Each structure stands twice: as C-alpha cells, then as structure tokens.
Amino acid sequence: MGLLTDLIIALPETTPAIVQEYPEHRKWPVLEMKGVDNAALAALASAWGDAKLADILETSKILATRGDNGPWILVVPDSFRDRLAAVKTENIPKLAEVWINQGDMKYGGRNSADAEMLLLSLRDFALTAIEMRKPLLLWMSL
C-alpha cells in the first residue's frame, strides 16, 4: 500500500477534527494528490529555485496525527501557496519538466503531462485557498 496524500483548505485549529473525521467526512475543500507528499512539494519549490522554501517543506513538523500509520497533517507555508497560485499557465510546461526531474519526483512514474495536469490543479486549488483566506494543509496516511 502506498502513501495517500491530499491537500485540504482549512484552518490549522481544525486539524483535530480533520485527523479524526477525514476522509470519511469531507467537510473541507480537498484536492486528492495520489502520493504527492511534502518531499514532492519541496521538489517543486526547488524546481522554481527556492531552496529555503524547499527545506521548510522537507522538514515540516506534524501538526496532528492519529497514530503510527497516520494520518498526519502538516501546514503548507502560505508563501508556497501564494507562489503556486502565481504560476502563469504558459510557464507550467517548463516548470513541470523541471519538477519531475527533482528528487523523489523522478522515481514516481509521472511524465511531463501528468506533472502539468497536477500543477494546474495545484495552482487552481491554491487560488481557491487564497480566495477563502485559508492555508493549505497536507494530509498523509498509509
């Protein structure tokens, strides 16, 4: 069984409810990401040249958990959300190509087209989070 990962738009103080209720109860906006964890998000930050943000994502602290097999919830930095929301459509193909050749992404079996579609979804979800004035939370579970 692989790692399940989703982005959730919610305030950090809702993590106790999320860790207990999600995914059975979907009270929050969710983007299912199929294995894109904080290391993959860090690889994206590296792809656009932000090593400091990549390090922050790579070493994110767990905000809430239910046990050894998860789920685990981490807060995605607002600076990542904002940078993601600002990605221009015309820059997505090149960014996707660089991203899939970063770190763990090279071994994830994704191709450029997969990465482009994921980037579009991530960008749109980040825009929604900004409109809602809420952060992104990364939910992961085995």
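Q: Which residue in β5 does aspartate 6 stand opposite?
A: Aspartate 6 stands opposite tryptophan 139. Before going on, a word on the ground rules: this is a predicted model, where local features need pLDDT of at least 70 and side-chain atom pairs count only at pLDDT 80 or more, while totals for chains, interfaces and linings use all residues. Residues are numbered from 1 along each chain as its sequence is written, and side-chain values use heavy atoms, with hydrogens and water left out.

Q: What makes β1 and β5 a strand pair?
A: Strands here are DSSP runs of E with at least two residues, helices are runs of H or I with at least four, and both are numbered from the N terminus. Two strands pair if DSSP finds at least two bridges between them. Strand β1 (residues 4-9) and strand β5 (residues 136-141) are joined by six bridges and run antiparallel, so they pass.

Q: What about β3 and β4, how many bridges join them?
A: Two bridges, with the strands running antiparallel; the rule asks for at least two, so β3 and β4 count as paired. Alanine 64 stands opposite isoleucine 73 in β4. The two strands form a hairpin with six residues between them, and glycine 70 in the turn has a positive phi of about 90 degrees.

Q: In what order do the five strands lie, and which are the edge strands?
A: The order is β2-β1-β5-β4-β3, in an open sheet with antiparallel pairing. The edge strands are β2 (30-32) and β3 (64-65), because each pairs on one side only.

Q: Why is β5 called mostly covered?
A: Buried means under 20% relative accessible area, exposed means over 50%, and partly exposed is in between (1.4 Å probe, protein chains only). Six of the six residues of β5 are buried. Leu136, Leu138 and Met140 point one way, Leu137, Trp139 and Ser141 the other way, and all are buried. Strand β4 (residues 72-76) is mostly covered too, with four of its five residues buried.

Q: Why is the pair of tyrosine 22 and tryptophan 139 called edge-to-face?
A: Rings of Phe, Tyr and Trp (its six-membered ring) pair if their centres lie within 6.5 Å; planes under 30 degrees apart count as stacked, over 60 as edge-to-face and the rest as tilted. By this rule there are two aromatic pairs. For tyrosine 22 and tryptophan 139 the values are 5.0 Å centre to centre and 80 degrees between the planes, so edge-to-face it is. The pair links distant parts of the chain, 117 residues apart: tyrosine 22 is in the loop between α1 (15-21) and β2, and tryptophan 139 is in strand β5. Both residues are buried.

Q: And what makes tryptophan 48 and phenylalanine 80 a tilted pair?
A: Their ring centres are 5.4 Å apart and their planes are at 35 degrees, so the pair lands in the tilted class. Tryptophan 48 lies in the loop between α2 (38-47) and α3 (51-58), phenylalanine 80 in helix α4 (residues 78-85), so parts 32 residues apart in sequence are tied together. Tryptophan 48 and phenylalanine 80 are both buried.

Q: How do you know that glutamate 21 and lysine 27 form a salt bridge?
A: The rule wants a side-chain nitrogen of Lys or Arg within 4 Å of a carboxyl oxygen of Asp or Glu. Here the closest N and O atoms are 2.5 Å apart, so the pair qualifies. Glutamate 21 is partly exposed at 22% relative accessibility, whereas lysine 27 is exposed at 55%.

Q: How many salt bridges does this rule give, and which others are there?
A: The count is five. Among them, glutamate 32 and arginine 26 have their closest N and O atoms 3.1 Å apart, and aspartate 124 meets arginine 123 at 3.3 Å, N to O. Asp78, Arg81 and Asp82 are linked in a network of salt bridges.
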